[in-house]
Amino acid sequence: MQDWLGPAEWRAVALSLRVSFWATLVSLPLGILVAYALARWRFPGKQVLNGIVHLPLILPPVVTGYVLLLTFGTQGPIGGVLADWGIVLAFRWTEAAVAAAVMAFPLMVRAIRLSIEAVDPKLEQASATLGASPVWVFLTVTLPMALPGIIAGTILAFAKAMGEFGATITFVSNIPGQTRTIPSAIYAFLQVPGGEDSAMRLVIVSVIVAMAALLLSEVLARRVAHRVGGA
Amino acid sequence: MLEVSVKHVFQGFTLDATFKAPPGITVLFGRSGSGKTTIVNAVAGLLKPDEGRIAVDDWVLLDTKQGVQLRPHKRRLGYVFQEGRLFPHLSVRQNLAYGAWFAPKEVPRESFSKVVEMLGIGPLLERRPAALSGGEKQRVAIGRALLSAPRLILADEPLAALDAARKAEILPYFERLRDEVSVPILYVSHAASEVARLATTVVALDGGRVIAHGAAAEILGDPNVRPGGARDIGAVLTARVLRHQDDGLTELNAGGLPLFLPKVTAKPDTILRIRIAAHDVILSRARPEGLSALNILPKTIAELRSGDGPGAIVALDTVAGRVLARITRRSAVAMELQKGTMVHAVVKTVSVAGLDIGGNA
């Protein structure tokens, strides 16, 4: 594969995989928590939280990217604090991961929330009467039964992170090896004469990764659904 | 001993019930909407009543005056739900082990193998709940509740979702639970036959209130108590199996009176509970001759109750115990029936349905 892809192209593929992997992994616990809160809790400001979570899905990605830039820049509320601690994320792959995570978050939460809502609260009650505290009810009943949706949401988020372009390029620009993910690289190759071949190879990689993610999610979800009892 | 006293108002319905449940099976008996499930959910902690106190022996689960309200998972109750509620993602073995895992380690408990043997679920252990029949699911649900080392078992119409054959399959297990396990059981039912067969104590409910409370034979033999409606009235007798006869009938001895039932499986000398539905009893002033019915019991009338409808309930005291008969008011007048009148009660042999015949140690 490294022979087929040029070094610049390979770097973009490796970076995209790394960015998407970490973006998905780190946002998963938060995604499950937010999905659970939206599915099961009643609290003031629930609709506001729901709105904020879904905002990146509806806003133009460039707007999201710009808001991230304002927030995480060294002058921004979060970036300033991090800079005080000596952590400067600006224009690094970690910030590309932040952008990807924020953009993929609504898709992840939606899928997980639906699957948690599908878990019969009567089973959770049964679990409680058998002595399980709320945390154990969640870990032993809710979570395993919602697993197909969690897998689907995770893979969907990964695929979305792989394809994220607008917010990333606005937030962290297009630096080879740091923030030039596959979509940014395709865009960059198309700006220079003779870049079409490189762009085409990355397009093919994109299609393969997307198809593989979809297939994997189908297979996993089916296997888990079968294990969960074909319900 | 479970002590319950709850008041709760919701959607225009007022529940105000106080009762005690001694060891054995205490059946909350009443038609739907009488507040049975509300009481059980309050005991389980799934519903918070407006006011009340619930305690098992000296262990207080709820006391609104003292501000005590244990969370459901702290109450250590085994709840057998109407629809089983097995965990679909776990095997039968894991379902059974689930409650045991959360029970405090120092608490004495039934052994896994004993419960599996008692409920006959050994061959099912590696299966998933989706692969079980309704009756099998309920047996596993009983085992799961039992293995959580509960101080009290709650059962909310555990047979209601099953057909007659499956009911007959599960009932003996509740009898074994009553007779072999020391944990008190609070059992919700609207079916008189289940009450007759299982109950040690009956708490009859109507419209959110306790209308009668006492030993099963006493409550079921009281013509004034009919939470299931007049059609459902029937008294309970205990009888000893004498012998199985060649023609398929079993002869029983009910306090000296012979009774004939379609062959029961119990061995001779077993003591059985028999329920005689009031509408299956015919009364006659003279001893009937040339009748196809085999069971004819001479009695005196202890009580006669007629309501607003065309029916009347006659309570008869026999040497075997209290028997109820449902006749029309017109007949009662025509036969000049009153308290103390000597009558013969005719019970059609076939009318004592299989489901109504229960074992009782």
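**Exercise 1.** In the hairpin of E12(B) and E13(B), which residue takes a positive phi?

*Solution.* The model is predicted; local features need pLDDT of at least 70, side-chain atom pairs count only at pLDDT 80 or more, and totals for chains, interfaces and linings use all residues. Residues are numbered from 1 along each chain as its sequence is written, and chains are lettered from A and ligands numbered from 1 in the order in which they are written.

Step 1. Helices (H or I, at least four residues) and strands (E, at least two) are DSSP runs, numbered from the N terminus. Two strands pair if DSSP finds at least two bridges between them.

Step 2. Strand E12 (residues 234-244) of chain B pairs with strand E13 (residues 249-254) of chain B in the antiparallel sense, over 4 bridges. Within this pair, B:Arg240 stands opposite B:Asn253.

Step 3. The hairpin has 4 residues between the strands, and B:Gly248 is the residue with a positive phi, near 95 degrees.

**Exercise 2.** Determine how E12(B) is joined to E15(B).

*Solution.* Step 1. E12(B) and strand E15 (residues 271-277) of chain B run antiparallel, with 7 bridges between them.

Step 2. B:Leu272 in E15(B) is the residue opposite B:Ala239.

**Exercise 3.** Describe the contact between the two domains of chain B.

*Solution.* Step 1. The assignment for chain B gives domain 1 (2-226) and domain 2 (234-359); such bounds come from an automatic or database domain assignment. Taken over C-alpha atoms, the centres of the two domains are separated by 31 Å.

Step 2. Two residues are in contact if their C-beta atoms, placed from the backbone, lie within 7 Å. Domain 1 of chain B gives 16 residues to the contact and domain 2 of chain B gives 17 residues.

Step 3. On the side of domain 1 of chain B that touches domain 2 of chain B, helix H5 (164-180), helix H6 (192-198) and helix H7 (216-220) of chain B each give two or more residues. H5(B) supplies the largest share, 6 residues.

**Exercise 4.** Characterise the contact of chain B with chain A.

*Solution.* Step 1. Here 21 residues of chain B are in contact with 18 residues of chain A.

Step 2. Strand E7 (77-80) and helix H2 (92-102) of chain B are the elements that give two or more residues to the chain B side. H2(B) gives the most, with 3 residues.
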